[in-house]
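Try each task before you read its solution.

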Amino acid sequence: QVFAFIVGFMIVYRTNYSYARWWEARTAIQQMAAKWSDVFIFSAAWDAAANPPGKGEELGMLFRQRLLHLISLMHGLAMMSLRGDKDLTN
């Protein structure tokens, strides 16, 4: 009975520890995604402030579209790296 208690305690402890590690990793991934979006928002705001109204709107929109695409790719590559993927085929 003592042995069963110790084994049960160890299983519960390891499960809680594993869940805490998973939750910490999930929180870090969420923070990474928030930082990527911060980069885009600040860069888009800087670009909008740098262009005077009525001039360069088409070029500014192209810049923001390309920036959003590149940041999305960087986030995807970071997630693939965290997963441990060695190739980009999936």
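**Exercise 1. Work out whether Arg64 is buried, partly exposed or exposed, then find its salt-bridge partner.**

Solution. This is a predicted model, so keep that in mind throughout.
- Step 1: Arg64 has a relative accessible area of 22%. Buried means under 20% and exposed means over 50%, so a value in between is called partly exposed. Arg64 is therefore partly exposed.
- Step 2: look for a charged partner. Side chains of opposite charge can pair when their charged atoms come close. Here Arg64 forms a salt bridge with Asp47, and the closest N and O atoms are 3.0 Å apart.
- Step 3: Asp47 sits in helix α1 and Arg64 in helix α2, so the bridge ties together parts that are 17 residues apart in sequence.
- Step 4: check the other end for burial. Asp47 has a relative accessible area of 10%, so this residue is buried.

**Exercise 2. A search of the whole structure finds two salt bridges. Describe the one that Asp85 makes.**

Solution. 
- Step 1: the side chain of Asp85 meets that of Arg83, at 2.4 Å from N to O.
- Step 2: sort the two by accessibility. Asp85 comes out at 27%, so it counts as partly exposed. Arg83 reaches 56% and therefore counts as exposed.

**Exercise 3. Locate Asn51 and list its contacts beyond its sequence neighbours.**

Solution. 
- Step 1: Asn51 is in the loop between α1 and α2.
- Step 2: with 28% relative accessibility, Asn51 counts as partly exposed.
- Step 3: leave aside neighbours within four places in sequence, and Asn51 is in contact with Gly56 and Gly60.
- Step 4: Asn51 and Ile11 are 40 residues apart in sequence, and their C-alpha atoms are 60 Å apart in space.

**Exercise 4. Five aromatic pairs turn up in the whole structure. Characterise the pair Phe5 and Phe9, then the pair Tyr19 and Trp23.**

Solution. 
- Step 1: a ring pair is described by the distance of the centres and the angle of the planes. For Phe5 and Phe9 these are 6.5 Å and 25°, and the pair is stacked.
- Step 2: the two are four residues apart in helix α1, so about one helical turn separates Phe5 from Phe9. Both Phe5 and Phe9 are exposed.
- Step 3: Tyr19 and Trp23 are also stacked, at 6.2 Å centre to centre with 25° between the planes. About one helical turn of α1 separates Tyr19 and Trp23 too, because they are four residues apart.
- Step 4: Tyr19 is exposed at 52%, while Trp23 is partly exposed at 47%. Ring pairs link Tyr19, Trp22 and Trp23 into a cluster.
- Step 5: return to the phenylalanines. Phe5 and Phe9 belong to a nonpolar surface patch with Val2, Ile6, Met10, Tyr13 and Tyr17, and the patch has about 840 Å² of accessible area together.

How values were computed
Residues are numbered from 1 along each chain as its sequence is written. This is a predicted model: local features need pLDDT of at least 70, side-chain atom pairs count only at pLDDT 80 or more; totals for chains, interfaces and linings use all residues. Side-chain values use heavy atoms; hydrogens and water are left out. Rings of Phe, Tyr and Trp (its six-membered ring) pair if their centres lie within 6.5 Å; planes under 30 degrees apart count as stacked, over 60 as edge-to-face and the rest as tilted. Buried means under 20% relative accessible area, exposed over 50%, partly exposed in between (1.4 Å probe, protein chains only). Patches are made of residues with over 30% relative accessible area and no salt bridge: like charges are joined within 9 Å, nonpolar side chains (Val, Leu, Ile, Met, Phe, Trp, Tyr) within 5 Å. Accessible areas come from the Shrake-Rupley method with a 1.4 Å probe; for residues, only the protein chains shown count as cover. A salt bridge is a side-chain nitrogen of Lys or Arg within 4 Å of a carboxyl oxygen of Asp or Glu. Contact means heavy atoms within 4.5 Å.
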